[in-house]
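I opened the model to look up how the copies are arranged and how single elements sit inside them. My entries follow in the order in which I checked things.

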4 protein chains.
Amino acid sequence: MPAKIKVLVWHECRHEKKNKAVQEIYPEGIHKVIAAGLEQLGGFEVRTATLDDPEQGITPEVLQWADVVTWWGHMAHADVLDEKVAMVRKAVLEGMGLLVLHSGHYSKIFKALMGTTCSLRWREMGERERVWVCEPGHPIAEGIGDCIELPNSEMYGEPFGIPTPEKQVFISWYQGGDVFRSGCCYERGHGRIFYFSPGHETYPIYYHPQIRRVISNACKWAARRVNIPDTCPNAKTPHEAVPPQKLDLSYMKP
Amino acid sequence: MPAKIKVLVWHECRHEKKNKAVQEIYPEGIHKVIAAGLEQLGGFEVRTATLDDPEQGITPEVLQWADVVTWWGHMAHADVLDEKVAMVRKAVLEGMGLLVLHSGHYSKIFKALMGTTCSLRWREMGERERVWVCEPGHPIAEGIGDCIELPNSEMYGEPFGIPTPEKQVFISWYQGGDVFRSGCCYERGHGRIFYFSPGHETYPIYYHPQIRRVISNACKWAARRVNIPDTCPNAKTPHEAVPPQKLDLSYMKP
Amino acid sequence: MPAKIKVLVWHECRHEKKNKAVQEIYPEGIHKVIAAGLEQLGGFEVRTATLDDPEQGITPEVLQWADVVTWWGHMAHADVLDEKVAMVRKAVLEGMGLLVLHSGHYSKIFKALMGTTCSLRWREMGERERVWVCEPGHPIAEGIGDCIELPNSEMYGEPFGIPTPEKQVFISWYQGGDVFRSGCCYERGHGRIFYFSPGHETYPIYYHPQIRRVISNACKWAARRVNIPDTCPNAKTPHEAVPPQKLDLSYMKP
Amino acid sequence: MPAKIKVLVWHECRHEKKNKAVQEIYPEGIHKVIAAGLEQLGGFEVRTATLDDPEQGITPEVLQWADVVTWWGHMAHADVLDEKVAMVRKAVLEGMGLLVLHSGHYSKIFKALMGTTCSLRWREMGERERVWVCEPGHPIAEGIGDCIELPNSEMYGEPFGIPTPEKQVFISWYQGGDVFRSGCCYERGHGRIFYFSPGHETYPIYYHPQIRRVISNACKWAARRVNIPDTCPNAKTPHEAVPPQKLDLSYMKP
């Protein structure tokens, strides 16, 4: 039996403290429901952490433990300490997987890894979303069928300010007339990154069996389990002999 | 006649103040030689700026003026103010072109746009480098022929910690036995980015006619001349009617 | 003034001969309307050719003349001679641009260049299509705004059996609930390829001003004007001395 | 324990019948040595097939059985029947993995899947090749270290007429002064393709422990084990209601 994949479900968990509508859907927080989904499908060892935990839930130990981190944030992106972002970024570039969920498109960590604005168009009317599979053979789409139908969702629309995805697994349709690249794969450094847009705090999207399947699949895909520290070595001794060189200035002046 | 392309040649220009060997090759600074190359080939309006200029040579005015910025830095990457990096990054994402040259691989601006370590292996023995053209039909390779032979160069070797290039225009061979992805194209936001590795401060590489041709070609390629400010709008009014929605909680509980 | 871009508008032109509904929309054939669009916007020298022309409209002379070919086909893909496909493919790989339109997704030439099935889901109900711009800074999207609204269109839906596009310029929304990667950029060999899905024979889509703009933009984008014949040369004389080698068999046997 | 990966090692096996130098290195044929390498490293069920086998070694049964096919060919590419190429291509697009080895760059199957010329520069002097790892975190590079040193190799040089690789795992250095994209990953349809250039018939490269490791890693990477037949369905019944449409001809005439 392969070793269980270690997933840290990180969650901002601020809406839950202020907003009744959110509390009714996610009484213990979105992170608990994401974690429950992974445990339901099996093959994972799951921990959760939130912004208001000690050290914002991000420690060297937990990043060393984790094969994959899932990241949900929205109203408090700015409160995440830059040093914590740097720690997660370093872990990803060394080989850890990262799932960025929904409003996490505007998290410091996603913007830092993408290098772009990560902006989009949005609308909150609870309209219908249909998440279409573009790559039925991709491991993240395994078992999903043609599409996922979400009765209520926040609209995220194009243009989405991201680098061209390396693989486009999902594209979403919205009732109000919009489309969105809702499932995007990247590799950065030695780590794998998956952005997945469904998951608004006032809709029970993380209870949806197909959404749970996508998140579970994506954690498996992102768990590369390599750890390659960054170096920029002086490769002093060449593999081939380099005899003493004469500086050629002949082309310097016409 | 098409309007001239406006290029800001930005240069750290610190080695030139301290190092005799550099002064002999670039007595007025690398930026002056890069600028001279562009003017020699024609079609450009060129300005230069350096780190020790007022405002580090980076102002809203000059970034609005420039179609393309070329960037050389090495020993003083850390001295570039974060606010200046943010200004250049914003300009690139809005449509300005950027050429990152040689040791600029470790500049704040390149790392910010790539999201990765941008680390590499290196060696300074003045060995021979041969820059091979992988994409002979690409505008950046126009007029270059099969390869560029540099009698003396600093070795930059793989692995290079970058996202997979969108187009690999050049790959370099080194006498000491190494290879390097020396010419890499990206689009980030609405701007185009070209990384080009040849150009060490103690070799007269920026006088080389083929290197000048590459830099000129790359400035033309990167000059998209669009300016699209970042927005993340609430698209309140949908294109299609969205009737009042009922919140479906049916899939919330098993 | 830059030289006009030479475009060959190639069209199957069989529906027009059999189907009244098509004749009413395109009495002289789709090719004449595409050509008129290019001439209206200016900057092009346009020729048209059809499947039933002598030599199927594909000759060495016209391919040498053309900077770009646009390709529309549907019911008679199989009638296009393999030798004609090979000629067009060769021209593209040597640097000619190619626009593949609508049902051309199943043309021999598109499948030959993509290497994949190019299959999709489809439905003909005349439903509404909205073509969203994903890359507002891309030259093919210039002047298009946020989206193009087509009152009637044939639905093309995901999954679309193509290689991951190098740049995703458009994604379409359909009234019936589907999405489609409707504007896809590729480079193959030295040529540029753009697939653009809107354009069914029973709807007046090629009269639409924004569709005309896209086709005009795409012809400009695809017109690279390079011509690099295929070779696979024996590079007998190395750039670096290779002394006589001894065959090392030491690792052959354990 | 995961099920063994089923690999069909397909080999042209014509050089071995005519050329003494080849017979001395590969007395039973290259395919037997590749198969032995896979069996040595374990986790595979291996079959071999050659061009002169009944049905050219390609049957519906064996393609249904195989998770991955490895392909070596050179002097007899033209003898491979088009129907056999079509069968392998179909299997790859449905999910089977494919490793294309060395001179297989010019095989019908590789050219059919890439859509390009797949041409390159070459030289046979038995010079040294050093295969550098560009992506140390990629599963195909697992256990390889910095590079593979091959004392004798045929030179393959840029430009290589391929689509931009989706992931560049290896780049090779040659003693004579050339470079080559020697390890290239693609996904086409639902299948994964890896091109790996080392492996000339007169050098014992397929005995090399690191080369064996690469081939073993690549077979594991390419074994996706999905099987998704091609369809192009009429999605007659939309997910969303499409009321009867009125044909809008308003934009047809100015």
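I began with the pair A and B. Chain B superposes on chain A by a rotation of 180° with 0.0 Å of shift along the axis, RMSD 0.0 Å. Which residue of chain B comes closest to the rotation axis? I found Gly115(B), with its C-alpha at 2.6 Å.

Ground rules, for the record. This is a predicted model, where local features need pLDDT of at least 70, side-chain atom pairs count only at pLDDT 80 or more, and totals for chains, interfaces and linings use all residues. Residues are numbered from 1 along each chain as its sequence is written, while chains are lettered from A and ligands numbered from 1 in the order in which they are written.

I count two residues as in contact if their C-beta atoms, placed from the backbone, lie within 7 Å. On that basis 47 residues of chain B touch 47 residues of chain A. On the chain B side, helix H6 (108-114), strand S5 (121-133) and strand S6 (147-157) each supply at least two residues. S5(B) gives the most, six residues. By class, I read 20 nonpolar, 18 polar and nine charged residues on this side. Here Ala, Val, Leu, Ile, Met, Phe, Trp, Tyr, Cys and Pro are nonpolar, Asp, Glu, Lys and Arg are charged, and the others, Gly among them, are polar.

Then A against D. A 180° rotation with 0.0 Å of shift along its axis puts chain A on chain D, RMSD 0.0 Å. The contact takes 10 residues from each of chain A and chain D. The chain A side has three nonpolar, four polar and three charged residues.

Chain A as a whole came next. I see seven helices and nine strands; these are DSSP runs numbered from the N terminus, helices being H or I of at least four residues and strands E of at least two. Its C-alpha atoms fill a box of roughly 75 × 40 × 40 Å along the principal axes. Of its 254 residues, 59% are buried, meaning that 20 or more other C-beta atoms, placed from the backbone, lie within 10 Å of the residue's own.

I checked helix H7 (residues 209-222) of chain B. At 1.5 Å a residue its 14 residues should span 20 Å, and its end C-alpha atoms are 20 Å apart, which agrees. The expected span is 1.5 Å times one less than the number of residues. In H7(B) 11 of the 14 residues are buried, so the helix is largely enclosed by the rest of the structure. Among them are Arg213(B), Lys220(B) and Trp221(B).

Last, strand S4 (residues 97-101) of chain C. Five of its five residues are buried. Gly97(C), Leu99(C) and Leu101(C) lie on one side, Leu98(C) and Val100(C) on the other. I looked up its partners, pairing being at least two DSSP bridges between strands. S3(C) (residues 68-72) joins S4(C) in parallel by five bridges, with Val68(C) opposite Gly97(C). S9(C) (residues 191-196) pairs with S4(C), also parallel, over four bridges. There Leu101(C) stands opposite Phe196(C).

Key:
Least-squares fit on C-alpha atoms with pLDDT ≥ 70 in both. Buried ≥ 20, exposed ≤ 12 C-beta atoms within 10 Å, placed from the backbone.
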